[in-house]
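Me: I would like a close look at one part of this model. Please keep the account plain.

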Amino acid sequence: QVQLVESGGGLVQSGGSLRLSCAASGMIFGIDAMAWYRQAPGKQREWVATVTVLGRTTYADSVKGRFTISRDAAKNTAFLQINSPKPEDTAVYYCNTRGREVSGQSFDTWGQGTQVTVSS
């Protein structure tokens, strides 16, 4: 079974920076993509950014130009660099990954989430 562990959340001031990490472990044969989502209090979970196996990145309009997603393919790890955060970026950030296990079974796995709080 594939597991994800996120880290790096915390309290940050507007205009500061924060880096989130997401490490996947288990019997992984290959990862197709890793993505970040977030859920603010009282709101639905929303997609933030994705990095594919080929390194292609896409972003939600609300974070474009401020957030950067990257990956270390050798370590099955993704990162989310948060620059110039705003109070509205406050949310629990979740990592998601999908791919295939050594057994051939596909997976679509979520992490437990990490809290990011932006103070004004």
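Me: Is C22 buried or exposed, and why does it count that way?

Reply: This is a predicted model. C22 counts as buried because its relative accessibility is 0%, and the cut-off for buried is under 20%. C95 also counts as buried, because its relative accessibility is 0%.

These two cysteines belong together. C22 and C95 form a disulfide, with 2.0 Å between their sulfur atoms. A disulfide is a covalent bond between the sulfur atoms of two cysteines. The count for the model comes to 1 disulfide. The angle about the S-S bond is -80°, and the link of C22 and C95 is left-handed. The pair links distant parts of the chain: C22 sits in strand β3, residues 17–25, while C95 sits in strand β9, residues 91–101, and 73 residues separate the two.

In soluble globular proteins, nonpolar side chains tend to be buried together. Here the largest nonpolar core has 29 residues, of which L20, M34, W36, V48, L80 and Y93 touch the most other members. Strands β3 and β9 are among the elements that give two or more residues to this core, and the others are β4 (28–39), β5 (46–52), β7 (67–72), β8 (77–83) and β11 (114–119).

For contrast, consider the largest pocket. Its volume is about 190 Å³. The pocket is lined by 13 residues, and R38, A40, K43, E46 and E88 are the closest to its centre. Its lining divides into 7 charged, 4 polar and 2 nonpolar residues.

Methods: Residues are numbered from 1 along each chain as its sequence is written. This is a predicted model: local features need pLDDT of at least 70, side-chain atom pairs count only at pLDDT 80 or more; totals for chains, interfaces and linings use all residues. Side-chain values use heavy atoms; hydrogens and water are left out. A disulfide is a pair of cysteine sulfur atoms within 2.5 Å. Helices (H or I, at least four residues) and strands (E, at least two) are DSSP runs, numbered from the N terminus. Buried means under 20% relative accessible area, exposed over 50%, partly exposed in between (1.4 Å probe, protein chains only). A nonpolar core is a set of buried Ala, Val, Leu, Ile, Met, Phe, Trp, Tyr and Cys residues joined through side-chain atoms within 4.5 Å. On a 1 Å grid over the protein atoms alone, a cavity is a set of points where a 1.4 Å probe fits but cannot get out, and a pocket is an open set with protein on both sides within 12 Å along at least five of seven lines; lining residues have an atom within 4 Å of a point. Grid points are joined across faces, edges and corners, and a volume is the space filled by probe spheres set on the points. Ala, Val, Leu, Ile, Met, Phe, Trp, Tyr, Cys and Pro count as nonpolar, Asp, Glu, Lys and Arg as charged, and the others, Gly among them, as polar.
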